[in-house]
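These are my notebook entries on one structure. I set down what I looked up and how each term is defined.

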Amino acid sequence: MLIPIEKVILHKVRMKMKTPFKNSFGSVQEKEFFIVELADGREHRGFGESVAFSSPWYTEETVGTTEHIMNDFLVPFLLQNPVSHPREVTKLFDVIRRNNMAKAAIEGAVWDLYAKREGITLAKALGGEKNTVEAGISIGIQPSIKELLTVIGQYAAKGYKRVKIKIKPGWDIEVIKQVREAYPELPIMADANSAYTLADIEHLKKLDEFGLMMIEQPLGQEDLLNHAKLQKEIETPVCLDESIHSLDDVKNAIALGSCKVINIKIGRVGGLEEAKKIHDYCMEHNIPVWCGGMLEAGVGRAHNIAVSTLQNFVLPGDTAGSSRYWEKDIIEPEVTVIDGIINVPDSPGIGYNINRAALEKFTMNKKEFTLENIHPIQF
Ligand SMILES: O=C(O)CCC(=O)C1=CC=C[C@@H](O)[C@@H]1C(=O)O
Ligand SMILES: [Mg+2]
């Protein structure tokens, strides 16, 4: 049976984070994004969240490109071509190259709508089995090592299952050394966001003595070959983030030996269906995966929790609680982390309600699309 989509609403939202998040590229504090709302003409509403940032420092997508691609292509195309299962959306959108974050925002909303219509949780619709997921925390670059140690202490006290520390040249070996000395037992990892090149191999080898769970994306996003060379030389497992946009990228990375761990971000890989395929492939190849974060508000967070219930998400994700970034989230209840654990909600779909008052408060503008008001798309 087709999933009837009568109306698509794109809420353009702006939320201010409690504190800026700083990595090797720069700093984010104001986050603009879209909440995609799909109405089935009955009582069900499906929600998705776009994750691209305002400028193209993480991948090439931005809030502006997401808006253009959703408004002018994806939304009209979906309204014209109803699907009977969310897995068909990936195939439908395949005629449009890349723009994975725009695709994922809409595909995620179709999954939520589908699960709600079926009366099952999104986690179950995806084939997830866990009732709880482990949460890690990602900590941006701090003004000093002393401040970093304090921030880590606060999150360690909350029971987060692992701490990710951002590194870059000049803020790396000494930082990790001091963190390790201060917290000898804490599971820690480092994320470089491509701040190094293969010429830094001897420098990166120095990280081996600190027992890191992994180093995330040390080299450039196109550098699968060099990551393979690096992985052969260092003991610390390499995890790929920015290099992975599809199952094909994962196949290449594993065949080359470029990494031992994969960070799956639903937006970066174009949606939940591709995320699931990557998960399954990694499981067959003994590559553990975890769910990366994009500083999401509640809807995106809920999708991350649902995908993390799949069996091979064996490492804690960047799925912190709502209060990590937001004074007030747009879902209710908010996501809470207790002793590093999130209870997977058991009501249908994403399992959290939209707090309409909060959503309205943060909405800058809203566009509604129906079959009657769109320009037909043909390829
Ligand atoms: O959502 C979170 O809490 C994770 C944040 C995080 O570590 C990242 C988000 C976006 C870009 C990067 O800076 C970084 C990452 O590379 O994983
Ligand atoms: Mg990363």
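I began with the ligand's polar contacts, which are pairs of N or O atoms within 3.5 Å. A polar side-chain atom of S138 lies 2.7 Å from an oxygen atom of ligand 1. For N193, I found a polar side-chain atom 2.7 Å from an oxygen atom of ligand 1. For K166, the corresponding distance to an oxygen atom of ligand 1 is 3.3 Å.

I note that this is a predicted model, in which local features need pLDDT of at least 70 and side-chain atom pairs count only at pLDDT 80 or more, while totals for chains, interfaces and linings use all residues. Residues are numbered from 1 along each chain as its sequence is written, chains are lettered from A and ligands numbered from 1 in the order in which they are written, and side-chain values use heavy atoms, without hydrogens and water.

I next looked up the surroundings. Ligand 1 is surrounded by 18 residues, where a near residue has a heavy atom within 4 Å. The closest are N23, S138, N193, L295 and Y325. I recorded the make-up of this shell as 7 nonpolar, 4 polar and 7 charged residues; Asp, Glu, Lys and Arg count as charged, and Gly counts as polar. At least three shell residues come from each of domain 1 (7-119 + 355-373) and domain 2 (125-351), with bounds from an automatic or database domain assignment.

Finally, I consulted the UniProt record. Its unreviewed entry annotates D191, E216 and D241 as "binding site"; such annotations may be inferred rather than shown by experiment. These residues are spread over 51 residues of sequence, yet they cluster in space, with a largest C-alpha distance of 9.2 Å.

Methods
Polar contact = N/O pair within 3.5 Å; in protein donor to acceptor, adjacent residues only side chain to side chain.
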